[in-house]
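Here is a friendly walk through one protein model. Please keep the viewer open as you read.

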Amino acid sequence: MNQRIYIAAYNQSKFGKLMDMTVPQILANAVSGVCQEIKVEPSVIDTGSVGSACNFTLNQQGLLSGLMATVPGLEGKPIESVENACASGGQAVLSVIYKLLGGVGDVGIAIGYEKMRNQEGKMDGKLIGEVLGYYSHPNERPGKVFIFPHLFAEIMQCYLQVYGASESDLAQIAVNEYQNAKYNPLAQMNKVQITLEQAMKIEGINRYVVDGLPLKTYDCSQITDGYAALILATEEGLRKLGIAKSECVEIAGYAQATDPLQKEGRNTLVPTGAYRAMRKAYEMADALPADVNVAEIHDCFTVAAAIGTEVLGKTSPGKGARYWVEGKASVDGDCAINMSGGLIAKGHPVGATGVAMLGSCFRQLKGKASKEIQRKDPKVAATFNIGGALCASVCTVLRNPA
Ligand SMILES: CC(C)(COP(=O)(O)OP(=O)(O)OC[C@H]1O[C@@H](n2cnc3c(N)ncnc32)[C@H](O)[C@@H]1OP(=O)(O)O)[C@@H](O)C(=O)NCCC(=O)NCCS
């Protein structure tokens, strides 16, 4: 790699409900919010990418790049909209990196957003089940209402049967993540706590989402509004921004891989593309899984957190849930995973998630997280963002500049 790429700034909205904020306002706020972090004007940005997944279906809005170019200072610049389901945010980050490496500019902005709730903050779970279902293979939709919860309920059942893990092991992941979110003021479930007993008991909102399959409400990520933005820069870009390298984080490794959309016929417990992308990111960063002690992984459902822990290389296939139960994913454990609260408790504004993962790791590496969830000795951080049923994976490895 001849050019190094750095994260110069990160900003996000509170995840949860953006109420009557419109899509143009969301994108304008995302740009101004991240620029204010380092006190620069949008005009300093050379290029950008914006990721979202439900903009057409839930917001009736396309050409998001044109809305970004509406922000004074960004007009006439190379900006593109990208979509890779729940990995749209990660893909927006990669898109900016590729443009900076390709000589399009020195400073870029990556934005991810999703507006999944209405003006009153309410959500239509069945509609969301349907529109997120467009990110599955058409052969795998018939007969399913909540398509993604249903597909992951099947993966969860498979995980339990093949590895002999228990529903309680997976529920513990959600419990830990709610505990982390308590200390993340920007997390959707910041004011909610659950016990293992609650996560296991079928009562109130906690139900089996699909009859005959083990996935319960508390195994699921949230329906969330939110946006997240990063300013990325080359070394020349940092000079233009007037930011010292020591205030930044280097994106030392990154890779993307996409597996066939259909879940049937693939081993989703050991997803080929995800492992490949993670391995490539480690190789590029010249890092090993053992070096990583901070991570944000794509826990769209508790079973995905278990698989993600395995993809990170923190434990072998089938042992991911136990890793959490044994406390190894806690703030002072082997690797502080999803200190933000993860998708389950921080929230999952689909298009913003991949951007927010790097943002959370940026804050950890710079020692800017709340003290209860701040890793004391952050060394190397890793992110794993998934689109679809373990289909499109974006992995990164981050570290403080030498
Ligand atoms: C689990 C799920 C199906 C529940 O949807 P639903 O049945 O329509 O939910 P309900 O209308 O019964 O929700 C009633 C209340 O339950 C709670 N609730 C819903 N989902 C919840 C979840 N995942 N975790 C915790 N509480 C939840 C909320 O308090 C909700 O009230 P709200 O409107 O203030 O948010 C939905 O949360 C879901 O689809 N999650 C996964 C999202 C997803 O697939 N993302 C993409 C991943 S690849």
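The report below goes from the overall fold to the ligand shell and then to some helices.

## About the model

This is a predicted model, in which local features need pLDDT of at least 70, side-chain atom pairs count only at pLDDT 80 or more, and totals for chains, interfaces and linings use all residues. Residues are numbered from 1 along each chain as its sequence is written.

## Overall fold

The protein chain holds 14 helices and ten strands; these are DSSP runs numbered from the N terminus, with helices (H or I) of at least four residues and strands (E) of at least two. Its radius of gyration is 19 Å, close to the 21 Å that the globule rule gives for 402 residues, so the chain is as compact as a globular protein of that length. The radius is taken over C-alpha atoms, and the rule is 2.2 Å times the number of residues to the power 0.38. Along the principal axes, the C-alpha atoms fill a box of roughly 55 × 45 × 40 Å.

Of the 402 residues, 59% are buried, where buried means that 20 or more other C-beta atoms, placed from the backbone, lie within 10 Å of the residue's own.

## Around the ligand

The ligand is surrounded by 20 residues, and the closest are Gly-125, Phe-148, Ile-205, Cys-220 and Cys-300.

By class, the shell has 13 nonpolar, six polar and one charged residues. Here Ala, Val, Leu, Ile, Met, Phe, Trp, Tyr, Cys and Pro count as nonpolar, Asp, Glu, Lys and Arg as charged, and the others, Gly among them, as polar.

## A covered helix

Have a look at helix H11 (residues 302-311), which is mostly covered, with ten of its ten residues buried. Among them are Thr-302, Gly-308 and Glu-310. H11 is followed by Gly-313, whose phi is positive, near 90 degrees.

## Two crossing helices

The axes of helix H4 (residues 88-101) and helix H14 (residues 350-365) come within 5 Å and cross at roughly 55 degrees. By class, the contact of H4 with H14 has seven nonpolar, seven polar and no charged residues.

Key. Buried ≥ 20, exposed ≤ 12 C-beta atoms within 10 Å, placed from the backbone. Near = placed C-beta within 6 Å. Axes fitted to C-alpha atoms, helices over the stretch in contact; angles between N-to-C directions.
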